[in-house]
Amino acid sequence: MKKLLVIPLSLMLLLLCSQLSAAAVDTGYREPAPEVTAIVDAAPSPGASLSPDGSTLLSLQFPALPSLADLAAPEHRLAGVRLNPANNGPSQPRYIAGVTLIDIASGNSRQIKGLPANLKVITAEWSPDSRYIAVVQLDDNASSLWRIDTKNATAKRWGKLQPNAVQGARLEWAANSDAVYLLAVSEKRPATPVAPKVPAGPVVTEARGRTAPARTYQDLLEDAHDEALFSHYFSSQLVKITLKNKLTTIGKPALIRSFSLSPDNQHILVSRIVPPFSYAVPIYRFATNTEVWNLRGEVSYLVAKQPVADNLPIAFDAVVTGPRSVSWRNDAPATLNWAQAADGGDPANEAEVRDQLWQLAAPFNSEPVKLLDMAFRFRDLLAANAGTALVYEGWWQERQEKVWLISPDGSAKPRLLWQRSTEDRYGDPGRPLMTTADNGQRLLRLEQGHIYLTAVGASEQGNRPFIDKYHLASGDSERLWRSEAPYYEYPITLLPSGKLLTQREAPTEPADFYLRDLQSGELTALTDTPHPMPHTLGISRELINYQRADGVPMSANLILPAGYDAKRDGPLPTVIWAYPREFRNAAAAGQVSDSPYRFNRVSYWTPQFLATQGYAVLDNATMPIVGEGEVEPNDNFIAQLVLNAEAAISAGVSRGVTDPERVAIGGHSYGAFMTANLLAHTNLFKAGIARSGAYNRSLTPFGFQREQRTLWDDPDLYLAMSPFFHADKLKTPLLMIHGTDDNNSGTFPMQSERLYQAVKGHGGTVRLVMLPLESHGYRARESVLHMLWETQQWLDEFVKNAGSAKAQ
């Protein structure tokens, strides 16, 4: 007779727990090592805004990361926009938490009295005369308008109105600086619509042969209640409020998308959303009327009546057929400019002329005047005066840009200044400096036939920003100044004094603002920012260059622990962090796009923080995906990824800093997609970190990233590029992190959930971390700290402690 096996209850529970361990793990937020937490809590770099007259700098201080409680504020998701219904503002905005006035001439700073104690400013706009700054403040339950008097350095609330900032704060100063125009919540706005307890009926959409492809959008309208909420929160009253608090309403409340005063302040250009709304596309593709209003809010001219744009081809150069990019010509009293497609808006159509640029002056009762025929798509117009303006046009498919010199008054024929590849960073001539006219309009800065061009100055030695003086008539260029080692210094503008306002930094010096005398080279510091994380000063950062096997040049930022010596300490566990980018030629793909002299602010968003934990990091390692001629970049996506990864590992190994047996790969968004693919198709890595990615391209069938072909155009491509369909090969440990409320097109949380299930179903090692309340980029301090803890724990287990080449 067999004896019964008696198992103690404690052992039974232990066995049960071990069986459940594949599904159930520890919960609760965790924190990394204190030195990593200090990196997260370090003060963000300050910003600045220069007054129109160039006399005063407004220094802007930003807060550290918000808490989960901040992210848990009320939120509606409507037509691709996330808003806070409690304060009529954007959801989870990045705001200004402190402001200081700095006198340019003396360098003296002044604190501003009277501002709200808990400052949360989402916009700050100078008056044309530089006397005032209008700011929009967001509190938990309301928004408000404030005015800073720069002469007295005081602030006070401006009227009792509530700005409607659900699309961002929209305000504009009057030309004489005596008032601002803005979108406000109507005092007569009815009560918020209440969702019905019982649906009125099914949601029905229909298509009858009309071609309407669309990429994968998030947060679209879903039903009649969403439509009611959209109408409620996006309806605004255009108002004018004077310095004496006199409030004037202009027209009736409407679904105003944007507005703009004519330079003479006699007309208002308004883009207004009109029903019916769409459930297929976000707000920027809704049907709109573009109108000119008089100062009473009456329509004096209809510029365009654009239906819902749900039928555009998915190609990046596709546009609507009617007038678009409508704006005032800033140098004229009241002249409209707009672009209009001449090829039906479809890049697939053969055409010598793609776009045309038109203008029409007040009183808008004559025929529009054509200014330019363009072979590409209109991008921008920068006007100096009636005789001088620059027009930018571009064609994404070929990465081409043209810049024309035109005379809006017709006094001279258009002349091509240059045509260039937008991928050629080394050959970028720069963007023109602008100036502010007395009425507040931004104009092309033109001095005796010259304009000034500034650029980051990409070169084989890294970025070296410059400012050039460019003669429009001859095309001759004179270099006035260029950043020199060991600093990275960027020109902001030339001041009326002739001095150059710059922002300067070095590997151990945070960015600060300076005045540079171009004749003597004398520098005067305007700000003095303390090092935000002094405990990281010993961590080194080096811009390294290397090549992949087919000769394409590559680069990365090599981050090494403080005090590390390769000969003494040997090779380290290494993390490569990257994001693939497409190029149309190999030469452009290999150009350096960073500087060795930038401030070494150790990042928590990329794995730079791991240098405090004994890792080497190859950050921002270039991952070029090149397609030349008839070959599209993605035609060889996987093969090029492998070449890139092999080259990055070899670069670290050749320097003696990387242990080839202890390397991890990681990335965010498209970098996560890259990571899963590399783990599925190579054995180069010990682990991977994939954050907020998309892994099944059949769920983004109308294109993704820079891919313009659809799933039906090339199903094999979509299958080959999707790591989901290669989940059976994903045996390398993979940590996946995703925000539960991801708002990015295509990267639905379901993408990570489905890949996790697929890898688990095939016996792979995988961990999925879903961060509550987080969007595509993680904001809450608790979330970020937990992300770092998860990252280090995973890498310590599967990479650092995997066994080193040195030990072998």
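In the predicted model, helix α2 (residues 34-41) packs against helix α11 (residues 781-798) at an angle of about 140°, and the axes of these two helices are 11 Å apart. Angles over 145 degrees would count as roughly antiparallel and those from 65 to 115 as roughly perpendicular, and α2 and α11 are therefore classed as oblique to each other. The crossing of α2 and α11 is right-handed. On the side of α2 the contact involves Val36, Thr37, Val40 and Asp41, which meet Arg781, Val784, Leu785 and Leu788 of α11. By residue type, this contact of α2 with α11 comprises 5 nonpolar, 1 polar and 2 charged residues.

Gln613 is placed in the loop between α6 (586-589) and β41 (616-626), and, leaving aside residues up to four places away in sequence, Gln613 touches Ala33, Glu35, Val36, Gln792 and Lys800. Val36, one of these residues, also takes part in the meeting of α2 with α11. The relative accessible area of Gln613 is 13%, and since buried means under 20%, Gln613 is therefore counted as buried.

The buried residues of α7 are Phe637, Ile638, Gln640, Leu641, Val642, Asn644, Ala645, Ala647, Ala648, Ile649, Ala651 and Gly652. After α7 comes Gly656, a residue with a positive phi, near 75°. Helix α8 (residues 670-681), with 12 residues, reaches 17 Å from its first C-alpha to its last, which is close to the 16 Å expected at 1.5 Å a residue. This helix, α8, is mostly covered, with 11 of its 12 residues buried; among them are Tyr670, Phe673, Met674, Asn677 and Leu678.

The axes of α7 and α8 lie 10 Å apart, and the helices pack at an angle of about 85°. Because this angle falls in the range of 65 to 115 degrees, α7 and α8 are described as roughly perpendicular to each other. From α7 the contact draws on Phe637, Ile638, Leu641, Val642 and Ala645, and from α8 on Tyr670, Phe673, Met674, Asn677, Leu678 and His681. The residues of this contact divide into 9 nonpolar and 2 polar, with no charged residue. In an α-helix there are 3.6 residues a turn, so residues three or four places apart point the same way.

A cis peptide bond, with omega of about 0°, joins Pro275 and Pro276, and Pro276 is placed in the loop between β17 (268-273) and β18 (288-293). Another cis peptide bond joins Ala362 and Pro363, with omega of about 10°; Pro363 belongs to the loop between β22 (355-361) and β23 (369-374).

Positive phi values are also found in residues other than glycine. Ser177, with phi near 65°, is placed in the loop between β12 (171-173) and β13 (179-184), and Ser177 is buried, with a relative accessible area of 3%. Gln448 has a positive phi of about 50° although it is not a glycine, and Gln448 lies in the loop between β30 (442-444) and β31 (450-455). At 77% relative accessibility, Gln448 counts as exposed.

How values were computed. Residues numbered from 1 in each chain as written. Predicted model: local features only at pLDDT ≥ 70, side-chain atom pairs only at ≥ 80, totals over all residues. Heavy atoms only, no water. Axes fitted to C-alpha atoms, helices over the stretch in contact; angles between N-to-C directions. Helix = DSSP H or I, 4+ residues; strand = E, 2+ residues; numbered from the N terminus. Parallel < 35°, antiparallel > 145°, perpendicular 65-115°, else oblique. Left-handed = near helix turned anticlockwise from the far one by under 90°. Contact = heavy atoms within 4.5 Å. Nonpolar A, V, L, I, M, F, W, Y, C, P; charged D, E, K, R; others polar. Buried < 20%, exposed > 50% of the residue type's maximum accessible area, 1.4 Å probe, protein only. Expected span 1.5 Å × (residues − 1).
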